[in-house]
Amino acid sequence: MLDIKWIRMHQDQVKEAAHNKGVECPLDELLEVDEKKRLLHQQVDQLRTERNRASAQIAQCMAGQKKGEAEALKDQVRGWNRTLTEYEAGLAELEERFNELMLTVPNLVSPETPIGVTDADNVVRKLVGQPTSFEFVPRDHMQIGEELDLFDFPRGVKVAGSRNYYLKGMGLYLHRAVQQLALDLLSDRGFTVMDVPLMVREETLQNAGFFPAGKDQTYELQDEHKWLVGTSEGPLVSYYADEMIDLSKGPIQLAAVSNCFRKEAGSAGRDVRGLYRVHQFAKVEQVILCENDPIIAEQMLDQITQNAEDILDLLELPYRVVAVCTGDMGAKNYKQYDIETWMPSRNSYGETHSSSSLLDFQARRSGLRYRDKNGELRYCYTLNNTAVATPRILIPLLENHQQADGSIYLPAALRPYMRGLAAIPNK
């Protein structure tokens, strides 16, 4: 959410951001409602002032035995009260519509963000490692998983419907291992690690910027009036919602591991085979709350992105970092990087991580404020990153590390979490 005062003065920039992001934002209606709301608010305040003044005069008249004047003033007050009731009802309607329209306004984009429409317009920023080459015919992760009995899709579909699965044996261990590796790395780097609520109130996802646009991707528990999270970013951002936070000792670093749920609405026919797009998955998420300072925010964005890169380095996987273009980034994001890992079966890189800087967009919605060095109240900046998402990360792990004998090489960093195994043996 942007400041309405700023929006009034920078309409062209808001329209440009909405256009470049492909976001529907009825800015003209918002400004019209805002103007009507402010004028009506002035009228309400003026009427209340007049009514209160007349009420005081009525008391004086009654004390001075001026009943005629008092009755005339009472008639006037009754008329004002009727008008106020009408005005206040209109003001409530305008306030409701104003709040709805404000939620459609996207965040601005950084000057470094590429202008584009789809992920084809993203710009490669960094390339690490080379695509894996094989001296044998490689298998895709589905073949590997079936042959090594790591997961079971047919029974997952039987029990829960399309894009559901069971993880089994070493498949489960690998799934849990990458999560614990990420948690340990973040904990060692000063993050407070958490387990978070997975069923949250609507305002939690609205305050984090996922709603209203993302409702079609989110599972609702209608009888509970709650929603299943698609990432722990929402619960982490809302942990300090409507609180005064202390940033005197530096940025607050939070991390969580959680199950996540996503409808994948509109993705029929895209990446439907295997573990790439599934309805239930797990993520280790990083969230940063820092001072309202663009330089610090840029440093934090580089830091959380590097944390994710370091995890991929420990997993010994080739990857690239891309600057996400305007049309491919979320409406709430100011600047975004994606990390794409090489997936042999796709003969291309596939997105596995994402880093975003939001400036004070989430903080304004969530009421995240702090006092700066001068004692002034400010909204903080927020950032987030996917440290690891699984089972998607199992695709490059299994495919890049497969060996000629059918076994799967395990990077040294994973072995302590895989019962000391150096490889998943071939059945």
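The exercises that follow concern a predicted model.

**Exercise 1.** Determine how R8 and D34 are connected, and where each is placed.

*Solution.* Step 1: R8 forms a salt bridge with D34, and their closest N and O atoms are 2.6 Å apart. Step 2: R8 belongs to helix 1 (residues 4-9) and D34 to helix 3 (residues 27-63), so the pair links distant parts of the chain, 26 residues apart. Step 3: R8 is partly exposed because its relative accessibility is 27%, whereas D34 is buried, with 1%. Step 4: Salt bridges with shared partners join R8, D34, E35 and R38 into one network.

**Exercise 2.** Explain why the salt bridge between K168 and D149 ties together separate parts of the sequence.

*Solution.* Step 1: The closest N and O atoms of K168 and D149 are 2.8 Å apart. Step 2: K168 lies in the loop between strand 3 (166-167) and helix 7 (169-188), and D149 in the loop between helix 5 (141-147) and strand 2 (151-152), so the bridge ties together parts 19 residues apart in sequence. Step 3: K168, at 28% relative accessible area, is partly exposed; D149, at 36%, is also partly exposed.

**Exercise 3.** Decide whether N400 is buried or exposed, and identify what its side chain reaches.

*Solution.* Step 1: N400 is found in helix 12 (residues 394-400). Step 2: The relative accessible area of N400 is 7%; buried means under 20%, so N400 is buried. Step 3: The N400 side chain reaches the backbone oxygen of W342 at 2.8 Å.

Technical notes
Residues numbered from 1 in each chain as written. Predicted model: local features only at pLDDT ≥ 70, side-chain atom pairs only at ≥ 80, totals over all residues. Heavy atoms only, no water. Helix = DSSP H or I, 4+ residues; strand = E, 2+ residues; numbered from the N terminus. Buried < 20%, exposed > 50% of the residue type's maximum accessible area, 1.4 Å probe, protein only. Polar contact = N/O pair within 3.5 Å; in protein donor to acceptor, adjacent residues only side chain to side chain. Salt bridge = Lys/Arg side-chain N within 4 Å of Asp/Glu carboxyl O.
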